[in-house]
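User: I'm new to this one. Can you walk me through it?
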Amino acid sequence: MLNPVTGDLDEDILKTLGIPRERFGKLTQPGTVVGQLTPQVQEFTGLPAIDVIAVAGHDTGSAVAAVPAENEEYAYLSCGTWSLLGIESGKAIITEDSFKENFTNEGGAWGRYRYLKNIMGLWLIQECRRDWIKKTGKDITWNDIVKEAEQAEPFRTIINSDYEEFYGGGDMVRKVQDYCRKVGEPVPETVGQVARAIYESLALKYRWALERLEELAAQRDKAAQTFADIQKNLEEGAYETAAQVKKAISLSYVKNFSVKCHIKNVFNINTLIGSEKNFIVLFEFTEVKSRFFHLNSPICIINSMVTV
């Protein structure tokens, strides 16, 4: 119900829902001193009457605010059970393409926005490890799994890490294998094959999301400049007809869609796939790339949901 332009609750939405604004408290920006520790908390903690300062709400918001970036041209990857890949933006990025790609704007520190995409994270491998321990009765460590993955064949199996069936817990190894049978990917059998399929598929999804992020952020920046230029030309009488204005807008979009932001140094992809060759080069291989895009295409996602 927050209006990303005004930074306050959206009056139209509240009116539509029939909810009085008075029912909501005052919105507080991160960094605001909201008071001091109460005497009870001071006694319990042994602390003095120090200031209580509002943080960025979610732990990811606070983590992003602490990213030691040297400039604005950076992206972050918060990878845990789920993954969040995004950038910080001074304004919310609200476009049709952003909506279609399911990117979101979350409020951050200092009035900024975390423009990001939610992606499956290490939940897949966590659940597989749980399965392996249960099956073998042994405490299989993360080092064991990584070692097995490093020895497995590169890019043997690729999966859509955001496949719907993977969201639920339990029997994850079987779910991965069943998915591969449905879509025609080589079925992973060993610990190393399963782990490598997951790690590499996540890395591919991160790369795809980063490229889309660059394009969507570029659209925001370039579109703003484009319409500023068109507005200036309108004021100066450069366009004589509405058709000329429409043509200028159309041509600017065609040009600007090919422009990308320079987002650098996101993460060292080699940490995900051991000592293999540079992942950036491997990703460009037509066969690997085409398999990835096929598995993430709407038609493949629909077909994979059909019970065999």
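User: What follows α5, and is its phi positive or negative?
Analyst: G137 follows α5, and the phi of G137 is positive, near 75 degrees. Helices (H or I, at least four residues) and strands (E, at least two) are DSSP runs, numbered from the N terminus. This is a predicted model: local features need pLDDT of at least 70, side-chain atom pairs count only at pLDDT 80 or more, and totals for chains, interfaces and linings use all residues. Residues are numbered from 1 along each chain as its sequence is written, and side-chain values use heavy atoms, leaving out hydrogens and water.

User: Which residues in α5 are buried?
Analyst: W123, L124, I125, E127, C128, D131 and W132 are buried. Buried means under 20% relative accessible area, exposed over 50%, partly exposed in between (1.4 Å probe, protein chains only).

User: New topic. How do β7 and β8 pair?
Analyst: β7 (residues 104–107) and β8 (residues 113–120) pair in the antiparallel sense over 4 bridges. Two strands pair if DSSP finds at least two bridges between them. G107 stands opposite Y113 in β8.

User: What about the turn there?
Analyst: The two strands form a hairpin with 5 residues between them. W110 in that turn has a positive phi of about 55 degrees.

User: How many disulfides?
Analyst: The count is 0, where a disulfide is a pair of cysteine sulfur atoms within 2.5 Å.

User: And what is the mean pLDDT?
Analyst: The chain's mean is 77, and 74% of its residues reach 70 or more. pLDDT is the predictor's confidence in each residue, from 0 to 100.
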